[in-house]
Amino acid sequence: MAGRGKLITVMGDEDTVTRFLLGGIGELNKNSHPNFQVMEKDTTIHEIEDTFWQFLNQDDIGIILINQYTAEMVRQALDAHQHSIPTVLETPSKEHPYDATKDSILRRARGMFTAEDLH
Amino acid sequence: MEDLVCPLAVLPTAGGDGEGGGSGCECVSMAALDLRADLDSLLLQLLGDLEELEGKRAVLNARVEEGWLSLAKARYAMGTKSVGPLQYASHMEPQVCLQASEAQEGLQKFKVVRSGVHAPEEVGPREAALRRRKGPTKTPEPQSSEAPRDPLNWFGILVPHSLRQAQASFRDGLQLAADIASLQNRIDWGRSQLRGLQEKLKQLEPGTA
């Protein structure tokens with residue numbers, strides 16, 4: 001679909017996904033996979049990683065919204081992702097508030113300022 | 001006597017120097033000064049971006065919390081299981097998309113755009129001539145609207161006001177998310193630029209720690 005733009009995907013608990021789908025980002029049709037994943041109690045880490053890698057490799061995705069709690073499960077893959085698109089944005093969930101010390105981007109930014117670099 | 005290296009000051013050596021080493025030293029010092037100035041401005045910009053990111057994060061978290069509260073009120077009014085994955089449509093089209101633009105090399109910026117904006121439908125006779133009552137005429141049916149369906153309709157026709165409020169909060173949250181994503185990209189880009197400049201500086205001034 002020319003000129004449509006990039007999609008926003010969401011991975012997280014039921015409330016997180018429902019709220020962003022209410023905002024109008026959802027895509028689901030028989031030709032493509034859904035651009036969201038709801039984390040159930042029985043969702044395995046392997047499934048989360050597979051979906052995350054799938055979203056990372058899709059060309060039509062601009063931003064991946066992911067609960068920080070879910071992001072912790074795929075932290076290695078997240079830290080290894082260095083491209084600007086898609087951008088991964090960690091969001092809080094109801095049970096797990098946002099913790100800036102765990103955010104990949106901010107951790108990298110903190111690593112910039114070492115004693116040697118500031119000389 | 002060997003030429004002394006001037007780390008910062010660009011001072012011409014007294015009486016001039018027969019060899020070209022002195023002017024080379026000056027060039028290196030000038031280049032190092034320029035690099036340091038670039039490093040300083042880049043660092044200041046990065047710190048500004050980090051501060052802006054923190055501010056936008058706080059606003060996004062506040063919007064999300066507002067949305068949760070509204071969603072909880074909607075569930076209270078409609079029933080716990082009435083607002084959840086069971087109500088998701090089997091066919092969804094995104095109402096909101098991202099426009100990605102490259103401001104500088106490797107630096108992506110995002111903007112949220114709403115899709116499904118259509119011109120108002122024309123109602124009325126298409127021909128200037130009078131219509132005659134000769135029976136039903138075949139008129140071309142208007143093309144079915146391609147506008148994506150509002151997700152609010154998944155949850156019923158008359159939804160509570162709190163659900164509409166939740167939708168409004170999350171829509172604002174999406175624009176904020178795009179701004180935060182752009183900021184994160186800028187910070188990452190600035191970080192890589194900073195590393196590059198630091199490497200160049202180390203090559204110019206290998207003696208400095």
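## Exercises on a predicted two-chain model

From the N terminus on, the order of elements in chain A is β-α-β-α-β-α-α-β-α.

**Exercise 1.** Determine how many helices and strands chain A has, and state what share of its residues counts as buried.

*Solution.* 
Step 1. The secondary structure of chain A consists of five helices and four strands.
Step 2. Chain A has 119 residues, and 53% of them count as buried.
Step 3. The C-alpha trace of chain A spans about 55 × 35 × 25 Å along its principal axes.

**Exercise 2.** Describe the interface of chain A and chain B by its contacts and its buried area.

*Solution.* 
Step 1. On the side of chain A, 46 residues are in contact with 53 residues of chain B.
Step 2. The size of an interface is often expressed as the accessible area lost when the parts come together.
Step 3. Between chain A and chain B, about 4400 Å² is buried, and carbon and sulfur atoms give 67% of this area.
Step 4. Arg19(A), Leu22(A) and Met112(A) together supply 16% of the area that chain A buries against chain B, more than any other three residues.
Step 5. Four salt bridges are found across this interface. One salt bridge joins Arg57(B) to Asp103(A), with the closest N and O atoms 3.3 Å apart.

**Exercise 3.** Decide whether Glu14(A) and Arg75(B) are buried or partly exposed, and locate their salt bridge.

*Solution.* 
Step 1. The closest N and O atoms of Glu14(A) and Arg75(B) are 3.8 Å apart, and the two residues form a salt bridge.
Step 2. The pair crosses between chains: Glu14(A) lies in helix 1 (residues 14-22) of chain A, and Arg75(B) in helix 1 (residues 21-78) of chain B.
Step 3. Buried means under 20% relative accessible area. Arg75(B) is therefore buried, because its value is 13%, whereas Glu14(A), at 33%, counts as partly exposed.

**Exercise 4.** Explain why the salt bridge of Glu52(B) and Arg186(B) ties together parts that are apart in sequence.

*Solution.* 
Step 1. The side chains of Glu52(B) and Arg186(B) meet in a salt bridge at 3.9 Å, N to O.
Step 2. Glu52(B) belongs to helix 1 of chain B and Arg186(B) to helix 2 (residues 161-204), so the pair links parts that are 134 residues apart in sequence.
Step 3. Glu52(B) is partly exposed at 36% relative accessibility, and Arg186(B) is partly exposed at 31%.

Technical notes:
Residues are numbered from 1 along each chain as its sequence is written. Chains are lettered from A and ligands numbered from 1 in the order in which they are written. This is a predicted model: local features need pLDDT of at least 70, side-chain atom pairs count only at pLDDT 80 or more; totals for chains, interfaces and linings use all residues. Side-chain values use heavy atoms; hydrogens and water are left out. Helices (H or I, at least four residues) and strands (E, at least two) are DSSP runs, numbered from the N terminus. Buried means under 20% relative accessible area, exposed over 50%, partly exposed in between (1.4 Å probe, protein chains only). Contact means heavy atoms within 4.5 Å. Buried area is the accessible area (1.4 Å probe) that two parts lose on being put together, summed over both.
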